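Please look over the sequence and the model shown below before reading on.

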Amino acid sequence: MNHRITRISAFLLAAVLMCGCGRGKLAADAENFSDENVSQADEYITVGFSQLGAESDWRSANTESMLSAFTEEEGYSLIYKNGQQKQANQITAIRTFIQQEVDYIVLAPATEDGWESVLEEAREAQIPVILVDRRVNTSDKNLYSCWVGSDFELEGRKMAAWIRAYSEQKGLLPEDLHIVNIQGSIGSTAQIGRSRGLANAARDNGWDLCAEISGDFTETKGREVMAALLKRFDNINIVYCENDNMAIGAIDALESAGKKVGPDIRNGDIMVVSFDGVNETALEYCRSGKISCIAECNPLHGPRVRALIEMIDHGQTPDKFNYVDEKMFSCVPGIDQVTIGDKTYRIDSDF
Ligand code: AHR
């Protein structure tokens, strides 16, 4: 690969420059720079990773997984860039990776739209792009090699099926469910899928979906949005939060307003459900009933992305879309599973 040859030359040059001055010494050191050193340099695969931000505990776990998968011991040299939730920063990062002639680009895109030009530039530079977590919306799917992540709409559908099972178990009428959706960052795959899963179920079941407002996947915004929603509506009994960090913020706002958070809607509780299952506080809330149900979103993509890169590096073509299996967590008794299509998903109460 061109880039690797360039890297070996840079490695040799650096070794020569670091060796000191005298002509004899340079020559001796150049001789000592054996084939073994060259093959070591050649073995490193350079990966530029554009992470979208650090907005949630899920994201921190995801970054950690990537950093520990792409180590020198594993044969990688990783260049990591945090996009601070701004697509413009991610586009700049990708352009920098192209200039640096990395072997692979891994992109965790903030939102789906607006990637065509920069992915075209990567293709022209013959650098394969692997998408992780969220997706991009491009008419040409060959602008990236493959994707690995969650089926976000399925997560939303599973949660809606759980809400339906709960309401049937309690004998609640569909029109008695007054739901607000605190959405993730608008235009991100996670938001689009989870919002769609709920909106379709609300339409099909006749639930009252009072409002959908973004809390940008952060605890602070989850708190702000929940406080504002309580001023607008006095009948909310289900809060669907598109991640755990927003759920923690929303619960804080609900309790500060004197509301009781829990699964007993019939007796005045406000039920909170959410996504991820990474943050320990959220899992503890789920054990105690403050969060009634969590649909898992698995962040441990580092080894998965590495396996995809290894396939490509060995001349193989991985599947285009690679979905991760995910669980559901709840301690509310009586609902052991939900069914979507012909697949049944068990609800885990021992976590
Ligand atoms: O794209 C995955 C989502 O992004 C996670 O659910 C959320 O916590 C994160 O910010």
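The report covers the basis of the model, the ligand site and a sheet.

## Basis of the model

This is a predicted model, in which local features need pLDDT of at least 70 and side-chain atom pairs count only at pLDDT 80 or more, while totals for chains, interfaces and linings use all residues. Residues are numbered from 1 along each chain as its sequence is written, and side-chain values use heavy atoms, with hydrogens and water left out.

## The ligand and its surroundings

A polar side-chain atom of E55 lies 2.4 Å from an oxygen atom of the ligand. For S56, an N or O atom of the side chain is 3.1 Å from a ligand oxygen atom, and for R59 the corresponding distance is 3.1 Å. The protein buries 100% of the 280 Å² that the ligand exposes when taken alone, with accessible areas from the Shrake-Rupley method and a 1.4 Å probe.

Eight strands (DSSP runs of E, at least two residues) form an open sheet of mixed pairing, in the order β7-β6-β8-β9-β10-β12-β14-β13. Its edge strands, β7 (208-214) and β13 (337-340), each pair on one side only, where pairing requires at least two DSSP bridges between two strands.

Strands β12 (residues 328-329) and β14 (residues 343-348) pair in the parallel sense over two bridges, and M328 stands opposite I347 in β14.

Terms used:
A polar contact is a pair of N or O atoms within 3.5 Å; within protein, one must be able to donate a hydrogen and the other to accept it, and residues adjacent in sequence count only if both atoms are side-chain atoms. Helices (H or I, at least four residues) and strands (E, at least two) are DSSP runs, numbered from the N terminus.
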